[in-house]
Amino acid sequence: MPAYIISDVTIRDEEAIDIYRTRAAASIAQHGGRYLVRGGQVEVLEGKWHPGPLIVVEFPDMERARRWYASAEYAAALDVRDAALSCNLILVDGMAS
């Protein structure tokens with residue numbers, strides 16, 4: 001069953017974000033993930049949540065998503081993440097097709 005990493009980000013540094021994106025994207029691909037949403041316009045339809053850019057990454061399952069998050073490859077991206085952005089990050093189980 002697929003699993004999804006969902007992140008709401010606030011960009012702090014445009015130069016650092018380029019480094020983070022490159023490293024994060026490589027680590028995601030190495031662990032079988034793929035981007036479904038990577039930024040883009042957000043339109044609030046209801047409620048008080050006004051997120052920044054949203055990122056949604058699909059992994060084959062929860063275990064692969066957890067392995068990615070704990071991986072050495074993603075740790076290399078984390079070296080610059082705090083300079084690049086702040087974020088809220090969640091992992092959610094998807095539905096079987």
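**Exercises on a predicted model**

**Exercise 1.** In this predicted model, work out how strand β1 pairs with strand β3, and how many bridges are involved.

*Solution.* Start with the spans: β1 covers residues 3–11 and β3 covers residues 54–59. The two pair in the antiparallel sense, over six bridges.

**Exercise 2.** Find what Tyr4 stands opposite in strand β4, and say how β4 runs relative to β1.

*Solution.* Look at residues 85–93, which make up β4. This strand runs antiparallel to β1, and nine bridges join the two. On this side, Tyr4 faces Val92.

**Exercise 3.** List the buried residues of helix α2, then explain why they line one face of the helix.

*Solution.* Next, check what covers them: the list includes β1, α1 (14–30), β3, α3 (72–84) and β4. Finally, go to the start of α2, where a side-chain oxygen of Asp61 comes within 3.2 Å of the backbone nitrogen of Glu63.

**Exercise 4.** Decide whether Ala72 is buried or exposed.

*Solution.* First place the residue: Ala72 belongs to helix α3. Its relative accessibility is 62%, and the cut-off for exposed is over 50%. Ala72 therefore counts as exposed. For a sense of distance, Ala72 and Met1 are 71 residues apart in sequence and 24 Å apart in space, C-alpha to C-alpha.

Conventions
Residues numbered from 1 in each chain as written. Predicted model: local features only at pLDDT ≥ 70, side-chain atom pairs only at ≥ 80, totals over all residues. Heavy atoms only, no water. Pairing = 2+ DSSP bridges. Helix = DSSP H or I, 4+ residues; strand = E, 2+ residues; numbered from the N terminus. Buried < 20%, exposed > 50% of the residue type's maximum accessible area, 1.4 Å probe, protein only. Arc of directions from axis to C-beta. Contact = heavy atoms within 4.5 Å. Polar contact = N/O pair within 3.5 Å; in protein donor to acceptor, adjacent residues only side chain to side chain.
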